[in-house]
Amino acid sequence: MFYREAGQFKSSYQADQAIFPIIQDRWFMAIVFVVAYLVIPLIADEYWFQAVLIPFYVFAIAAIGLNILTGYCGQVSLGSGAFMAVGAYATFKLVTGFPELNIIIAFLLSGLFAAAVGMIFGLPSLRIKGFYLAVATLAAQFFILWVFNKVAWFFNYNPSGFITAPPREVFGFLVSGPEAAPVTRYYVSLIFLTIFAFAAKNMARGHLGRAWMAIRDMDVAAEIIGIRPLHTKLLAFGISSFFCGVAGALYIFVWLGSAETEAFDLLNVSFPVLFMIIIGGLGSVLGSILGAGFITILPIFLTNAPPMVGIAISADFAKHLEEIIFGVMIIFFLIVEPAGFNRLWQIAKEKIRKWPFPY
Amino acid sequence: MTQERQFGNTILNVENVSLSFGGVKALDSVSFDVLEGEVRAIIGPNGAGKSSMLNCINGFYKPTECTIAFKGESHHQMETHQAASMGIARTFQNIALFKGMTTLDNVMTGRNLKMKKNFLWQSLYFGPAVKEELEHREAAERVIDFLEIESIRKTVVGRLPYGLQKRVELARALAAEPEMLLLDEPMAGMNHEEKEDMCRYILDVNEQFSTTIVLIEHDMSVVMDISDRVVVLDYGEKIADGTPDEVRANQRVVDAYLGVKHD
Ligand SMILES: Nc1ncnc2c1ncn2[C@@H]1O[C@H](COP(=O)(O)OP(=O)(O)OP(=O)(O)O)[C@@H](O)[C@H]1O
Ligand SMILES: [Mg+2]
């Protein structure tokens, strides 16, 4: 056989396996990084940080987490709000119980708590699938929030039932609490998003990601190849909940500052995060980020854009409009393009790559 | 040609495999053996229990009673995971590919069991994890070259035509570097040319990697051409076992299966 040289082989696989194999993609990512890390902090004001960018990044982490479980491993979950709550309440107990503990460490430990809880609630996934699993995770969602609501120990017997972010410093920068500067909190969420997105992408393109997708696409065949369904699904639940847990901790301690369990309920968190991955693209890390961006920015766009062009709309109407747009888009993406924004982006790139010779 | 072929020891010995679904006896005390390096065919009419037999061998069905000895290790029942790690791979009668994944990812998944780096290494994609991924990529590419599916490497398999999907499924099974390959009707639904290609690949695998092959096939001319020995099942019972010529001459087989004698 006319084999190509081994050396050439190897170097080409290495290049082919790179996270962004195409040079234009690398340039694009470089630009995104420069904008996110250098340009935005210079030009954004407090409103942009607080209303748009920080929630965008925090929800993007949660969406990546859910996408690992639902998009890659095929296990539908409506419990992301609850797993985020586990992260937030665990962080609250940790930082109030151990005031010297570095809050970043507390975030990560809380992620581990959330992972453990997620794995416990993931156990039924060995037996049940699809719709029934979704209902089981819904039960987890209600149960966990009910526990956080009822057991006063979790919110340190605060009469209002709220958990509040205390002021905590990291390397001399105040990252949580009411005094923490928006730009610092912006950087914290951005750094977490960057690390988590790369970690997720790396897992997804390795043998673990292939095992998840194999379970998703054809669990029988996966089992016969030697992939253990329980092990693989529980790992997906664990890692997914770790992401959600850390996102939940950031949600309270870096973004909102204080909240009660309602902040994590189905309509505030679980559904929006699910919509993010449906709109952004199931089984795509980039899609999760795009979906999170879209869903956090659209409401703000709808309340601000019409007045700018001279159309007065009421807040109520903007809210309704938002729901209609989400509904239509979800139906569109579920039926027409299940791969979401990510796929549209891929198609656009194909077109650009071929332009101006479309053959 | 088949007469000159030399085989090693018994690699697989199944004894008294019985399996029933509700009232239906899919397999009734079936015993047979497979020698290292041979191409062993299982034939029989529809519903004879051929696929069920393969499912018992790799642990997907749990027979009520049986002994399955693979490479001298005797098991009452196999576990799928155990069968896979001992070197048994298979393809399915109805293609069971991972439809949303590319050809390359499907083939790489065939090697998953050999990849050990845990999720922490993978999340970093650094050092040993990269090395492992690249080693396995090379092995996967060798299989892809061997089956001549380079051009569809990055194509999502759900979009491929049937014949190519069958080939990708074989590639996925081969990627595991199995010692024994179970093929459930690898040529079903193919046209003549595709069948010939598939036959050639199967024989090449058998020859170049000395992989033992257990094959279910309905096309008699194929079976007679490529197999060394044939087991015939009918209504879950073994009714004949021997070389293609012996089986062809067996009256019970003629009655039960072939109907009219071929040629
Ligand atoms: N999972 C199952 N549940 C119930 N019955 C089954 C199952 N699998 C097989 N059977 C039954 O067992 C018998 C043998 O089936 P099997 O699929 O092994 O036959 P086969 O020889 O492979 O047939 P074919 O040539 O049609 O593929 C059939 O009667 C079938 O209906
Ligand atoms: Mg069959």
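**Reading the ligand site and the sheet**

Analyst: A polar side-chain atom of N46(B) lies 3.0 Å from an oxygen atom of ligand 1; a polar contact is a pair of N or O atoms within 3.5 Å, where within protein one must be able to donate a hydrogen and the other to accept it, and residues adjacent in sequence count only if both atoms are side-chain atoms. S52(B) places a polar side-chain atom 2.5 Å from a ligand 1 oxygen, and for H218(B) the corresponding distance is 3.0 Å. Taken alone, ligand 1 exposes 630 Å², of which the protein buries 65% (Shrake-Rupley method, 1.4 Å probe; for residues, only the protein chains shown count as cover).

The model is predicted: local features need pLDDT of at least 70 and side-chain atom pairs pLDDT 80 or more, whereas totals for chains, interfaces and linings use all residues. Residues are numbered from 1 along each chain as its sequence is written, chains are lettered from A and ligands numbered from 1 in the order written, and side-chain values use heavy atoms, without hydrogens and water.

User: Which element gives the most to the shell around ligand 1?

Analyst: Helices (H or I, at least four residues) and strands (E, at least two) are DSSP runs numbered from the N terminus. Here α1(B) gives the most, with three residues. Among the 14 residues around the ligand, those that come nearest are G47(B), K50(B), S51(B), S52(B) and Q93(B), a residue being near if one of its heavy atoms lies within 4 Å.

User: How many bridges join β3 to β8 in chain B?

Analyst: Four bridges join β3 (residues 39-43) to β8 (residues 212-216) of chain B, and the two run parallel. Within this pair, A41(B) stands opposite L215(B) in β8(B).

Note on methods
Two strands pair if DSSP finds at least two bridges between them.
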